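Subject: Structure for your files

Hello,

Here is the structure I said I would pass on. My notes on what was found in it follow below.

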Amino acid sequence: MPYLTSEYGNPSGAHRMARNANKALDESREVMAETLGAQPGEIVFTGGGTEADNMAVFGTLQARPGRLVCSAVEHHAVLEPVELVGGSIVPVERSGRVKLDALVEALGPDVSLVSIMLANNETGVIQPLADIAALVREHAPNALLHTDAVQAFSWLDVADIGSVADLVSVSAHKFGGTQGVGVLVVRGSANVSARTIGGGQERGRRSGTQNVAGIVAMAAAASEMVSNREHEIKRVSALRDHLLDGVLSTVPGSIETSPRRAKTANIAHLCFEDIESESLLFLLERAEVYASAAASCSSGAMEPSHVLGAMGLSRTLGFGSLRLSLGYTTAEVDIEAALAAIPAAVNQLRASADGRHG
Amino acid sequence: MVVMADILVALSGGVDSTVAAALLVEEGHNVTGVTLKLWGGETDSGCCSVSDVEDARRVAQQLGIDHHVFNFGDDFDRHVVEPYVADYAAGRVPNPCIECNRHIKFDKLFRRADALGFDLIATGHHAQVRRRADGVYHIGRGADPAKDQSYVLHMLAQDQIRRLRLPVGAFTKDHVRELAGELGLRTANKPDSQDVCFIERTPGRGEKGRLVFLGERIPIRSATIVDQAGTVVGSAPSIELVTVGQRKGLDLGGAAERRYVIDIDHDAAIVTVGSFEDTLTRQTEVPDLVWTAGPVTGELIVQCSAHGARKPARVEAAKPTTVLWDEPHQRVAVGQSVVLYVEDEVVGGGIAG
């Protein structure tokens with residue numbers, strides 16, 4: 001990666017080295033535009049998905065004051081900003097999909113932004129974005145539609161599905177890039193105020209010297225990911241189904257949180273009765289199976305999932321949740337390892353006094 | 001020779017527990033650190049705050065051990081915070097550290113450790129695990145008299161003490177800090193924790209903080225103070241926070257002689273004051289008194305608060321839940337733990353009724 005070594009020019013400069021960096025940025029911008037179904041001028045490079053989401057929410061609010069609307073299962077990067085400014089939170093069905101009648105109720109001419117994620121980061125549940133867009137255009141004609149596609153990009157054709165949204169967030173580390181780099185697509189028709197002001201980079205929408213190496217890596221990863229996506233969806237969903245079927249058939253009291261056909265190919269999400277996720281994750285880690293439950297707070301403690309809560313799962317069942325994420329590096333052997341480790345761990349916990357809540 | 005064991009060390013983020021972990025690593029054990037998330041939001045400055053977790057995590061990194069965070073917040077609410085508030089509302093004086101030890105550290109965490117396959121649990125308490133020749137275990141006082149925490153561990157039973165390690169109990173606090181400094185641990189100069197951990201973040205320490213905390217949860221009633229003849233002699237801001245034997249903090253309008261709380265009518269919010277002699281009693285009831293390893297009928301040393309006075313007493317077989325003081329003793333507030341020692345070892349205890 002020359003941009004970490006010899007080609008260290010600042011892309012905003014005027015000399016040859018700067019131009020080399022700027023060329024790399026422009027090429028990356030074109031790649032991201034193509035993979036995201038946007039024009040190069042609509043790509044705003046950010047420091048990751050959270051910054052992109054925050055920019056969508058606060059930048060829209062500043063450019064066009066009004067009420068904000070989002071779903072109850074949004075990532076905290078959307079949910080917290082919307083809650084902070086007193087926005088409307090739309091409930092979801094037990095399946096995790098947004099309640100469309102409740103969405104219509106929340107819409108109105110005073111709404112300036114509707115933010116509904118494309119796929120959920122915990123459960124992988126996909127939202128019907130086209131239906132949502134149609135409702136937003138009809139019932140909130142002054143609103144921009146933002147979709148957080150951070151979780152979706154590797155598993156859905158965001159260039160196509162996301163085309164109904166005015167603003168789209170993605171994050172590089174979800175598709176093979178590095179942490180700390182992302183994109184907010186801002187369609188030409190949308191006007192979003194800058195959140196960082198200064199040197200006027202990114203057409204004044206996001207000042208600050210760009211992370212050239214990270215952006216170049218992100219574009220390379222996006223290009224690779226998109227060309228393999230169809231194949232990977234088939235391959236990974238077969239692995240995921242094998243994993244889920246294996247666990248469900250060997251572990252009594254295991255529940256698939258939401259139907260797998262309604263979610264992205266990479267996520268297996270389960271709840272185990274009478275199990276605490278913290279213990280399960282601990283034992284799985286010892287077996288070198290690295291999984292997750294809900295979101296972690298900044299102390300590192302597991303917090304009850306707001307997503308599962310919004311879906312109406314009991315707090316007790318939510319405390320026994322397990323999220324197994326697969327990816328392009330996941331192979332059959334990994335699934336077999338998980339299929340050996342998970343029942344063993346659950347059995348060990350159930351055999352002990354602490355298996356049950358108390 | 002030390003047999004290597006899988007040990008789960010409870011790391012609060014303070015100097016004692018981090019040094020405890022370091023000592024066990026040095027002995028060659030397979031050590032895992034865990035910090036319990038018990039209370040508060042992410043900016044909480046009290047126990048289990050983000051900065052405490054960061055300290056614990058960083059020390060674990062330096063020691064080369066795994067570090068985990070367990071969220072026992074629901075259990076802590078149910079077993080410590082809610083009873084704490086309910087006790088004050090009912091006119092009892094709770095000791096939340098003891099309830100946390102009873103229900104969280106030495107029950108919930110022990111069960112979790114068992115489920116995960118650990119052999120032993122260690123904490124940074126200043127107390128000592130003693131095994132007598134007959135195989136019976138006891139909790140002994142910590143080597144540093146000013147820091148001794150045997151009082152708050154009095155409820156531990158044989159199967160808990162047997163699986164417990166208290167590596168810093170044999171050292172003074174100064175020595176523990178020195179060890180932390182030698183190891184380059186960032187906790188070396190961290191101040192000792194104060195007061196009730198879940199109240200530390202509210203404005204004002206001590207009684208003021210407690211009043212704010214309780215006031216957010218239960219109605220606080222002002223108290224009328226009367227003398228033994230029933231004449232009103234003063235008032236107190238909260239009947240909930242008045243304790244038997246209390247002298248300070250009573251507004252008695254500059255009465256000449258020292259007067260002490262000798263009776264509290266919680267329902268009527270009336271406090272009766274009298275002389276020091278009026279606070280004295282020959283016996284204290286401990287309805288749930290439990291012995292560590294069977295009743296002791298001989299001379300006991302009894303302590304009624306974390307660093308309170310140590311007074312001689314005995315418990316007779318005929319009255320198995322009554323502590324009989326050798327000398328008249330100030331009455332013990334209902335809810336306080338009464339801990340029984342023989343020499344410097346805990347032999348039993350319970351809550352004053």
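A:Ser171 stands opposite A:Gly182, the latter in strand 7 of chain A. Please keep in mind that this is a predicted model. The two strands concerned, strand 6 (residues 167-171) and strand 7 (residues 182-186) of chain A, run antiparallel and are joined by five bridges.

**The sheet of chain A**

Seven strands of chain A form an open sheet in the order 1-7-6-5-4-2-3, and the pairing is mixed. Its edge strands are strand 1 (43-46) and strand 3 (88-90) of chain A, each of which pairs on one side only. On average, neighbouring strands of this sheet are turned by 20° against each other, with direction ignored.

**Helix 3 of chain A**

Helix 3 of chain A covers residues 76-84, and its buried residues are A:Ala77, A:Val78, A:Leu79, A:Pro81 and A:Val82. What lies over them? The cover of these buried residues includes helix 2 (49-63) of chain A, along with strand 2 (67-71), strand 4 (111-115) and strand 5 (144-148) of that chain. After helix 3 of chain A comes A:Gly86, which has a positive phi, near 75°.

**Chain A as a whole**

The secondary structure of chain A amounts to eleven helices and ten strands. Its radius of gyration is 21 Å, close to the 21 Å that the globule rule gives for 358 residues, so chain A is as compact as a globular protein of that length. The C-alpha trace of chain A spans about 65 × 50 × 35 Å along its principal axes. Of the 358 residues in chain A, 50% are buried. Among contacts in chain A with a separation of 6 or more, 67% are between residues 24 or more positions apart.

**The sheet of chain B**

Chain B has an open sheet of five strands with parallel pairing, in the order 3-2-1-4-7. At the edges stand strand 3 (66-71) and strand 7 (164-165) of chain B; each has a single partner strand, so one side of each is left without a neighbour in the sheet.

Strand 1 (residues 6-10) of chain B pairs with strand 2 (residues 30-37) of chain B in the parallel sense, over five bridges. Within chain B, B:Leu8 is opposite B:Thr32 of strand 2. Strand 2 of chain B also runs parallel to strand 3 of chain B, with six bridges joining them, and B:Val34 is opposite B:His68 of strand 3.

Although strand 3 of chain B is an edge strand, five of its six residues are buried, so strand 3 is largely enclosed by the rest of the structure. Helix 2 (residues 50-63) of chain B lies across strand 2 and strand 3 of chain B and runs at about 155° to strand 3.

**Helices and domains of chain B**

Helix 1 (residues 15-26) and helix 6 (residues 173-182) of chain B pack at an angle of about 65°, their axes being 9 Å apart. Their crossing is left-handed. Helix 1 of chain B makes the contact through B:Val15, B:Asp16, B:Thr18 and B:Val19, and helix 6 of chain B through B:Val176, B:Arg177, B:Leu179 and B:Ala180.

The domain assignment divides chain B into domain 1 (6-182), domain 2 (221-274) and domain 3 (280-351). Taken over C-alpha atoms, the centres of domain 2 and domain 3 of chain B are separated by 27 Å.

Regards

Key
Residues are numbered from 1 along each chain as its sequence is written. Chains are lettered from A and ligands numbered from 1 in the order in which they are written. This is a predicted model: local features need pLDDT of at least 70, side-chain atom pairs count only at pLDDT 80 or more; totals for chains, interfaces and linings use all residues. A residue is buried if 20 or more other C-beta atoms lie within 10 Å of its own, exposed if 12 or fewer, and partly exposed in between; C-beta atoms are placed from the backbone. Helices (H or I, at least four residues) and strands (E, at least two) are DSSP runs, numbered from the N terminus. Two residues are in contact if their C-beta atoms, placed from the backbone, lie within 7 Å. Two strands pair if DSSP finds at least two bridges between them. Axes are lines fitted to C-alpha atoms, for helices over the stretch in contact, and angles run from 0 to 180 degrees between N-to-C directions. Domain bounds come from an automatic or database domain assignment. The radius of gyration is taken over C-alpha atoms; the globule rule is 2.2 Å times the number of residues to the power 0.38. A crossing is left-handed if the near helix is turned anticlockwise from the far one by less than a right angle, and right-handed if clockwise.
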